[in-house]
Amino acid sequence: MNLFLATVWKWQDLRDSSNRISARETATGRQFILNTNRITDIKDLSTLTENRCSFLYADNPSDRRESCSFLEVNKSQAEMEAIIDSVPHSQALTLPFQPKKEPWGAPCFPLRTPVDTTIGIWSVTYFTEYNPDPDNYCWLCYYKGAFKRIEVLVNYSLEDIEDIVETGTTTSTTTSTTEVREQ
Amino acid sequence: MNKGVLFPATVLKWQLKSWRMVPEWEASGVSYLLNTNRLDSIRETNVGADTTMYYFLNPDDHRDNGDFMVLDATLAVLYSFIDATPTHASVTLSIYPDNDYTQTPVDTEVLTDDIALAVGDTISAARCWVVYVAKGFEIKQVLCNNTTANIWFQTL
């Protein structure tokens with residue numbers, strides 16, 4: 001079981017996740033960090049010019065109501081096999097959860113203090129960019145137990161998450177400019 | 001069921017069965033044998049000396065919302081157990097039929113992934129209660145002719 005970064009070109013099913021790839025992202029794809037313990041039926045769609053494969057992805061494999069989503073990503077079948085066989089640095093992740101899923105507080109928009117929370121890698125469904133500030137935040141979707149879906153904002157970028165999964169620490173440094181709204 | 005590692009811990013608070021898992025008179029907490037595959041949302045408290053979390057008796061049961069728990073253990077200690085690789089994936093429990101300690105116990109093999117908790121019997125130090133998931137939704141609570149230390153050592 002491991003987490004991996006991939007560019008997703010298609011994410012199709014009957015639920016809201018059909019909107020996870022917006023119309024303007026269909027050409028370039030959108031980056032997600034996915035979990036190998038939710039993947040099945042990998043098929044190679046690679047050509048001479050690009051690596052590509054499709055698979056079925058379960059948001060919650062413990063839910064009997066789950067009907068898997070169809071994904072196409074920028075990995076070949078061989079790459080997926082290597083990822084499935086890889087081992088993360090740790091089976092748990094300590095992430096700074098942003099309170100109220102919102103970086104800003106009130107009044108005068110001071111930054112809210114994130115709360116370090118440790119979860120098991122097995123519960124992670126996906127990470128994806130926080131569009132207003134992707135260099136500093138990302139969305140995490142995970143399941144608490146077998147039923148409860150949790151979506152939280154994490155004070156890390158996707159690259160930071162990738163570093164933590166591989167090495168246990170964030171090795172990248174990011175700089176961001178914060179836009180102060182004038183009243 | 002995800003892979004789990006059994007580990008000993010002192011539970012200071014456990015919001016299960018109306019907090020009776022840790023009686024009021026046990027000011028220093030109660031020693032339990034817990035399973036890492038049932039931990040969720042771990043946070044440090046008490047200046048890092050303790051940790052809070054949600055603990056699931058059956059993480060595959062959609063009716064289980066998890067119970068609030070406070071452990072007398074640091075996050076680093078929990079990480080070491082979460083990332084440990086046990087030698088054995090199952091343990092042999094000497095289970096008393098009908099939870100009657102006057103009867104002859106029966107050796108029963110149980111997967112460690114299925115064990116939710118083990119706690120010493122207050123009547124006898126040589127026995128303990130074990131709660132494990134017998135697949136699906138069934139949770140079994142059995143009296144065993146083992147100590148929690150003996151169960152833990154079987155996995156090492």
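Q: Where does Val165(A) sit in chain A?
A: This is a predicted model, and in it Val165(A) falls in helix H2 of chain A, which covers residues 158-167.

Q: Is Val165(A) buried or exposed?
A: Buried: the relative accessible area of Val165(A) is 5%.

Q: And what is Val165(A) in contact with, leaving aside neighbours within four places in sequence?
A: Asn2(A), Leu3(A), Pro88(A), His89(A) and Leu93(A).

Q: What about Lys43(A), how many Å separate its C-alpha from that of Val165(A)?
A: 25 Å, and the two residues are 122 apart along the chain.

Q: OK, switching to cysteines. How many disulfides over all chains?
A: The count is 0. Take Cys141(A): the nearest cysteine sulfur belongs to Cys138(A) and is 12 Å away, and Cys141(A) is in no disulfide.

Q: Is Cys141(A) buried or exposed, then?
A: Cys141(A) is buried, at 1% relative accessible area.

Q: Last topic, confidence. What is the mean pLDDT of chain B?
A: It's 91, with 99% of the residues in chain B at 70 or more.

Q: And what ipTM and pTM does the predictor give the complex?
A: An ipTM of 0.79 and a pTM of 0.82.

Technical notes
Residues numbered from 1 in each chain as written. Chains lettered and ligands numbered in written order. Predicted model: local features only at pLDDT ≥ 70, side-chain atom pairs only at ≥ 80, totals over all residues. Heavy atoms only, no water. Helix = DSSP H or I, 4+ residues; strand = E, 2+ residues; numbered from the N terminus. Buried < 20%, exposed > 50% of the residue type's maximum accessible area, 1.4 Å probe, protein only. Contact = heavy atoms within 4.5 Å. Disulfide = S-S within 2.5 Å. pLDDT = per-residue confidence, 0-100.
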